[in-house]
Amino acid sequence: MGTGDTARPLRVLIVSATMGAGHSGIAAELARQLSDHGHQSRTVDFIDALPLGYGRAMRSVYRAQLRYAPWTYDAMYWLRFRYPHLWGEINAWYRFLSGRRLLEWVADSEADVVLSVYPLASAVLGELRRRERLSFPVVTYITDLGVHPLWVSSWVDLHLAVHPEAAWQAAERAGGAACTCAPLVRRAFLDPIGRDVALVRLGLEANGPLALVVAGSWGVGQIEQTVEPLEPVRNRHL
């Protein structure tokens with residue numbers, strides 16, 4: 001590729017997943033920033049790499065799990081932290097399901113580097129690197145401040161994190177390279193804006209109490225129970 005003025009633009013394959021909107025939003029911002037710096041990118045959905053509707057079924061189960069049985073999600077994370085070595089077979093299963101499609105995407109895009117923003121995709125790409133079926137560097141952008149074992153792989157070439165503690169955890173767990181980088185945030189969120197202007201844009205009262213409840217694009221969590229204690233406060237200010 002060369003260096004300095006002779007370096008050509010990179011071709012980056014971004015592997016995201018439509019599991020809610022978080023990964024997709026980060027992938028979109030990453031693509032924009034790459035374009036701004038003269039690089040080319042293509043974004044693919046890991047869900048589409050899984051055959052026979054398996055990915056869509058997995059997404060539906062995940063959504064129902066968060067909405068109706070969140071304790072199972074907690075249990076899954078506990079098991080991953082407690083027995084990380086037992087998940088190798090599961091990663092191998094997903095590699096079997098999605099590996100061929102991922103390799104086709106890499107070949108079609110003529111990628112110089114593959115960048116994953118979804119942990120399960122990172123695990124599969126690490127497996128492909130380990131088996132020497134993928135010769136291009138693989139980078140993982142960790143979207144979480146807490147780094148669970150699925151995010152890291154000793155066969156991923158570089159882990160990126162938005163906080164030094166997360167980068168340290170990734171390096172410790174993967175036994176490889178990790179570093180911090182800027183968060184992938186849209187420009188609109190970086191522009192300074194006064195409180196009064198923001199309230200007007202949002203159509204909110206200037207002097208009333210404000211509470212922000214975040215539940216993701218799927219509205220996950222006990223939203224009604226969270227908001228309910230705020231109602232007496234709101235009524236007192238009407």
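Where do Arg 130 and Glu 127 lie, and how many residues apart? I found both in helix α6, three residues apart, about one turn of the helix; helices here are DSSP runs of H or I with at least four residues, strands are E runs with at least two, and numbering starts from the N terminus.

I note that the model is predicted, with local features needing pLDDT of at least 70, side-chain atom pairs pLDDT 80 or more, and totals for chains, interfaces and linings using all residues. Residues are numbered from 1 along each chain as its sequence is written, and side-chain values use heavy atoms, without hydrogens and water.

I looked up the salt bridges (a side-chain nitrogen of Lys or Arg within 4 Å of a carboxyl oxygen of Asp or Glu). The count comes to 10. Arg 130 forms one with Glu 127, with closest N and O atoms 3.1 Å apart. I then checked cover (buried is under 20% relative accessible area, exposed over 50%, partly exposed in between; 1.4 Å probe, protein chains only). Arg 130 is partly exposed at 37%, and Glu 127 is buried at 14%.

Next I took Asp 157, which forms a salt bridge with Arg 129 at 2.8 Å between the closest N and O atoms. This pair links distant parts of the chain, 28 residues apart: Asp 157 is in the loop between β4 and β5, Arg 129 in helix α6.

Last, I turned to strand β4 (residues 138-141). Val 138 and Thr 140 on one side are buried, as are Val 139 and Tyr 141 on the other. Three bridges join β4 to β5 (residues 158-161) in parallel; strands pair if DSSP finds at least two bridges between them.
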